[in-house]
Amino acid sequence: MSLPGLNVYRHDKRDRALITLAGEIDLTTAPLVSASLRECLYGSIRTIDIDLTAVTFCDVSGLNAFLHAAAQATQTGRSLRLHHPPLALRRILSHGNSALLLGGVPASHRGSTPSPWPAPFPADTP
């Protein structure tokens with residue numbers, strides 16, 4: 001799926017989904033992000049990892065899409081984590097009650113240096 005300014009790629013592995021976003025998340029493209037997350041939340045996906053490495057801009061519309069999906073995930077016993085968010089988004093999340101989106105651990109429990117981002121899909125063990 002894509003709109004001008006944003007590409008969304010999804011890769012599922014069992015009950016996990018990796019959603020990779022590339023481009024800008026704003027008022028025009030946030031509904032695409034919300035729709036992609038809703039598909040995961042209403043399907044059999046238990047863990048949603050969102051890779052934001054290639055996101056160049058994210059406004060409050062994108063933030064709201066992530067927060068709404070995270071609340072739905074929490075209510076249904078699922079998890080949603082953002083990986084490699086742009087610096088501005090990371091700052092907003094770390095100052096609010098949304099630090100759990102940054103890798104699953106509140107900033108107050110991480111120590112002075114952030115831990116490395118977890119790999120979205122760990123290697124399968126035999």
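Modeller: In this predicted model, helix H1 contributes Ala 30, Val 33, Ser 34, Leu 37 and Leu 41 to its contact with helix H2, where these residues meet Ser 61, Gly 62, Ala 65, Phe 66, Ala 69, Gln 72 and Ala 73. By class, that contact comprises 8 nonpolar and 4 polar residues, with no charged residue. H1 spans residues 30–41 and H2 spans residues 60–75; their axes come within 9 Å and cross at roughly 15 degrees. Angles under 35 degrees count as roughly parallel, and H1 is therefore roughly parallel to H2. The crossing of these two helices is right-handed.

H2 also packs against helix H3, at an angle of about 50 degrees and with the axes 12 Å apart. With that angle, H2 and H3 are oblique to each other. Their crossing is right-handed. On the H2 side the contact involves Leu 63, Phe 66 and Leu 67, which meet Leu 89, Ile 92 and Leu 93 of H3. The residues of this contact divide into 6 nonpolar, no polar and no charged. Phe 66 of H2 is listed in the contact with H1 and again in the contact with H3.

H3 covers residues 87–95, and Leu 87 belongs to this helix. Leu 87 has a relative accessible area of 46%, so this residue is partly exposed.

Cys 40 has a relative accessible area of 0% and is buried. Cys 58 has a relative accessible area of 18%; because buried means under 20%, Cys 58 is also buried. The count of disulfides in the model is 0.

The chain has 126 residues, of which 40% count as buried. Among its contacts between residues at least 6 apart in sequence, 66% join residues at least 24 apart.

Technical notes:
Residues numbered from 1 in each chain as written. Predicted model: local features only at pLDDT ≥ 70, side-chain atom pairs only at ≥ 80, totals over all residues. Heavy atoms only, no water. Disulfide = S-S within 2.5 Å. Buried < 20%, exposed > 50% of the residue type's maximum accessible area, 1.4 Å probe, protein only. Axes fitted to C-alpha atoms, helices over the stretch in contact; angles between N-to-C directions. Helix = DSSP H or I, 4+ residues; strand = E, 2+ residues; numbered from the N terminus. Parallel < 35°, antiparallel > 145°, perpendicular 65-115°, else oblique. Left-handed = near helix turned anticlockwise from the far one by under 90°. Contact = heavy atoms within 4.5 Å. Nonpolar A, V, L, I, M, F, W, Y, C, P; charged D, E, K, R; others polar.
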